[in-house]
Amino acid sequence: MLKLLHTFNKVILNPVIYVMFSVALVVFMYGVFQYVKDSDSPDARETGRRSMIWGVFGMFIMISVFAIMKLIMGTFGISNSGVSQIIP
């Protein structure tokens, strides 16, 4: 069971977290680009600002998910390199 959790975390969950974090970073950078490129227009600045906020929010969520998974894996005694022994 622990080996299955480790494999699930390593093969499925971590790559999904990395991809979602990358998407949030791209949204943030797009917002910065919008904000700087169209600094004359208040509507474009608002759109850029909103994109930056959502990008930061998404990155925060992905970091939180990663930390929670690390906590859960540590609770079950699963290390990053494999299944560690659980000391009763």
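Predicted model: local features only at pLDDT ≥ 70, side-chain atom pairs only at ≥ 80, totals over all residues.
Local features need pLDDT of at least 70 and side-chain atom pairs count only at pLDDT 80 or more, while totals for chains, interfaces and linings use all residues. Residues are numbered from 1 along each chain as its sequence is written, and side-chain values use heavy atoms, with hydrogens and water left out.

View 1. S51 belongs to helix α2, residues 42-75 (helices are DSSP runs of H or I, at least four residues, numbered from the N terminus). S51 counts as buried because its relative accessibility is 15% (buried means under 20% relative accessible area, exposed over 50%, partly exposed in between, with a 1.4 Å probe and protein chains only). Leaving aside residues up to four places away in sequence, S51 touches V27, F28, Y30 and G31 (contact means heavy atoms within 4.5 Å).

**View 2. The largest nonpolar core.** Its 6 residues are L13, I17, M62, M69, M73 and I78 (a nonpolar core is a set of buried Ala, Val, Leu, Ile, Met, Phe, Trp, Tyr and Cys residues joined through side-chain atoms within 4.5 Å). Helices α1 and α2 each supply at least two residues of this core, and the largest share, 3 residues, is from α2. L13 touches F8 and M69, not counting residues up to four places away in sequence.

**View 3. V23 in helix α1.** V23 is found in helix α1. With 43% relative accessibility, V23 counts as partly exposed.
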